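Please consider the predicted model shown below.

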Amino acid sequence: MTTTTTTDPQSGPSRDSKTRANSIPEFRDIVSRSFVPLTVSGASDRPFAAQVSTSSADRAVFTTLKTQPHLVERTPTTIAAGGSGYFKLNMLLSGSGVLVQDGREVLIRPGDLALYDTSRPYSLMFDDVVSNLVMMFPKDQLSLPATVVEQLTAVSLGGDSALGSIVTKLLEQIPSTITALPLHTRRQVAQSGLELLEALLSTTLGTDSGTPDPRQSQLETVYRFIDANLADDLTPSSIAAAHFMSTRHLHDLFTDTDTTVSALIRDKRLERCRSDILDPALFSRTIASLAAANGFPDPAHFSRVFRARFGTSPSELRQSVSG
């Protein structure tokens, strides 16, 4: 197994790597470190080789794989080992495969897009030599509620549609170009990809879901309201009042999600702060002012919750990109 890691001059190590595996155990180790814990199996009487190239952009990871026939599984055991809370978008470049999750099965061919969720079991089967690109990102990077997006695991996302074609063309270009970009530009590229993916998911839901679920529609409206008002004094009661519902009903809308109203507000504010701290256009502003503008008036409290969420202090993060 060989590995090459590159360094982004703007931000230090960028988690870009090129790795080769010459056996199933080596490949299992690589994908479990690149993605989440997984099991991998292949034909015992056939040689196996794989090439894996990985590039990171903010919290999204783009991985290109060239592999011989194999089976990848996310099982209850590997789920318990960690790595829940992510979506993975697979775009097949050559060959064919089958994705199974949530009782659904989809055949994926070159140009096809398929989504799956690391918090629940899934399997990917490849019976021939294949090349594919996987984009993995935290669920909270999408403004659509996870419970809504989960309707689209292991279904065709219309890679041959007009919008699907835009998404595939962007994803195809990212691995070959992103390694030369500084950290803040990578973040913008990743965000553009996520916004296009979200538009594709929304379009697919509108086409396939029939009459929308009123609860899901309310939840999406609440998510958009929170995104648009992060700088304000957001509380469950103020959000409920703005939508002419009781606070109890608001909390009830979140029972099927993996978060709470207050936790969602905090996490979205922290993400906005992180984005602002990394933005070169805002380097002239103090971290305290950026935090206050996003709902964190107490600098000491902000520093604590920021480190707890991202594993680094706000000042250390800024130093890593500003020098």
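Glu 150 is partly exposed, with a relative accessible area of 22%; the term covers values between buried, under 20% relative accessible area, and exposed, over 50% (1.4 Å probe, protein chains only). The side chain of Glu 150 meets that of Arg 120 in a salt bridge, with 3.4 Å from N to O. A salt bridge here is a side-chain nitrogen of Lys or Arg within 4 Å of a carboxyl oxygen of Asp or Glu. Arg 120 belongs to the loop between strand 10 (113-117) and strand 11 (122-126), and Glu 150 to the loop between helix 3 (146-149) and helix 4 (162-177), so this pair ties together parts that are 30 residues apart in sequence. Helices (H or I, at least four residues) and strands (E, at least two) are DSSP runs, numbered from the N terminus. The model is predicted: local features need pLDDT of at least 70 and side-chain atom pairs count only at pLDDT 80 or more, whereas totals for chains, interfaces and linings use all residues. Residues are numbered from 1 along each chain as its sequence is written, and side-chain values use heavy atoms, with hydrogens and water left out.

The count of salt bridges comes to 15. One of them joins Arg 309 and Asp 267, at 3.2 Å from N to O. Because Arg 309 lies in helix 11 (residues 299-310) and Asp 267 in helix 9 (residues 261-278), the pair ties together parts that are 42 residues apart in sequence. Arg 309 is partly exposed at 24% relative accessible area, whereas Asp 267 is buried at 17%. Both residues belong to one network, in which salt bridges that share partners join Arg 59, Asp 140, Arg 266, Asp 267, Glu 271 and Arg 309.

Asp 29 is partly exposed at 35% relative accessibility, and Arg 33 is exposed at 54%.

Helix 1 also lies across strand 3 and strand 6 (70-74), running at about 150 degrees to strand 3. Contact means heavy atoms within 4.5 Å. Axes are lines fitted to C-alpha atoms, for helices over the stretch in contact, and angles run from 0 to 180 degrees between N-to-C directions. Five strands form an open antiparallel sheet in the order 3-6-11-8-9. Its edge strands, strand 3 (39-41) and strand 9 (104-108), each pair on one side only. Two strands pair if DSSP finds at least two bridges between them. Five bridges join strand 9 to strand 8 (residues 97-101) in the antiparallel sense, with Gly 97 opposite Ile 108.

Is strand 12 (residues 130-138) mostly covered or mostly exposed? Strand 12 is mostly covered, with nine of its nine residues buried. In a regular strand the side chains alternate between the two faces of the sheet. Val 130, Asn 132, Val 134, Met 136 and Pro 138 point one way from strand 12, and Ser 131, Leu 133, Met 135 and Phe 137 point the other way. Strand 5 (residues 60-67) pairs with strand 12 over seven antiparallel bridges, and Thr 63 stands opposite Val 134. Strand 7 (residues 86-94) runs antiparallel to strand 12 and is joined to it by eight bridges; here Lys 88 stands opposite Met 136.
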